[in-house]
Amino acid sequence: MNAPRRHSTALRDPAWLRTLLLTIALAFVALFLVLPLIAVFGYAIEKGFDVYLASVTDEDARSAIRLTLLVAAISVPANTIFGVAAAWLITRFTFSGKNLLVSLIDLPFAVSPVIAGLIYVLLFGAQSSLGSWLIAHDIKIIFAVPGIVLATTFVTFPFVARELIPLMQAQGSEEEQAALTLGAGGWSMFWRVVLPKIGWGLAYGVILCNARAIGEFGAVSVVSGHIRGVTNTMPLHVEILYNEYNRTAAFAVASLLALLALATLAVKQLVGWRMRRAEPEHDAA
């Protein structure tokens with residue numbers, strides 16, 4: 001009876017080590033997360049709320065906000081559809097090239113966003129092989145909204161797939177096979193069996209994808225052309241304001257991004273908590 005207790009006591013870290021690790025962790029959180037957030041909101045309101053409201057309701061700021069939300073509204077659903085399809089294909093079917101497909105999904109994690117934007121410039125820019133054809137047909141991709149959407153979609157498309165693949169592998173396909181055996185069609189089986197099982201994991205991936213889409217800077221900076229009021233997203237607008245030494249306006253718009261990040265973090269934690277609660281329920285069922 002005493003042996004397990006002595007064994008667990010022996011494995012317990014000493015109090016000084018736990019205190020040291022906790023102090024280091026809290027110091028890093030305060031230095032790299034809390035203090036920058038305080039600085040952002042502090043500089044944003046340093047000249048009063050009237051100046052703050054004027055900065056975030058300026059025509060260029062409103063244009064940047066609209067464009068940011070538009071790009072997210074296009075790229076996130078596209079990546080969601082791709083992620084679900086790719087996860088289902090990879091986890092439910094055996095085919096040649098599966099490992100290659102998984103590696104390609106991870107490609108945006110390995111490629112710099114700036115390189116991703118440059119790739120689209122080389123493909124669709126005025127000096128590319130398609131450039132003259134696009135100009136002749138008055139199709140604008142680079143330095144226009146389509147290029148921003150393409151670049152954002154590229155850098156964000158692994159998030160949903162990467163969240164669903166291990167989840168669907170762990171869940172297995174027994175329930176789906178049972179539904180098909182009982183006569184359910186493909187769509188019926190997906191909506192009634194697959195989607196309820198992956199719902200919280202899908203929401204988790206969508207949240208991460210949306211957060212990256214809203215905050216993307218490198219790839220968008222290359223393909224946007226920095227046309228004020230036209231192709232500037234919120235991060236690009238912050239950069240322009242700061243380069244113009246308009247610090248208060250820059251931090252005011254940055255505070256909106258910070259608020260979106262905090263809201264995303266709160267929703268992410270809620271979904272993660274719900275996923276952890278759903279796992280025992282699914283195992284018990």
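Start with the whole structure: a search finds one cavity of 30 Å³ or more. A cavity here is a set of points on a 1 Å grid over the protein atoms alone where a 1.4 Å probe fits but cannot get out. This is a predicted model, where local features need pLDDT of at least 70, side-chain atom pairs count only at pLDDT 80 or more, and totals for chains, interfaces and linings use all residues. Residues are numbered from 1 along each chain as its sequence is written, and side-chain values use heavy atoms, without hydrogens and water.

**Stop 1: the cavity**

The volume is about 40 Å³, taken as the space filled by probe spheres set on the points, which are joined across faces, edges and corners. Select Val 71, Ile 148, Thr 152, Ala 213, Ile 214, Glu 216, Val 220, Thr 233 and Pro 235: they line the largest cavity. Lining residues have an atom within 4 Å of a point. Now color by class: six nonpolar, two polar and one charged. Ala, Val, Leu, Ile, Met, Phe, Trp, Tyr, Cys and Pro count as nonpolar, Asp, Glu, Lys and Arg as charged, and the others, Gly among them, as polar.

Next, show α9 (145-156) and α12 (186-215); each supplies at least two lining residues. Helices are DSSP runs (H or I, at least four residues), numbered from the N terminus.

**Stop 2: α4 and α5**

Select residues 59-92 (α4) and 98-105 (α5): their axes come within 11 Å and cross at roughly 150 degrees. Axes are lines fitted to C-alpha atoms over the stretch in contact, and angles run from 0 to 180 degrees between N-to-C directions. The pair is therefore roughly antiparallel (over 145 degrees).

Zoom in on the contact (heavy atoms within 4.5 Å). Phe 82, Ala 86, Leu 89 and Ile 90 in α4 meet Lys 98, Leu 101, Val 102 and Ile 105 in α5. By class, that contact has seven nonpolar, no polar and one charged residues.

Notes
On a 1 Å grid over the protein atoms alone, a cavity is a set of points where a 1.4 Å probe fits but cannot get out, and a pocket is an open set with protein on both sides within 12 Å along at least five of seven lines; lining residues have an atom within 4 Å of a point. Angles under 35 degrees count as roughly parallel, over 145 as roughly antiparallel, 65 to 115 as roughly perpendicular and the rest as oblique.
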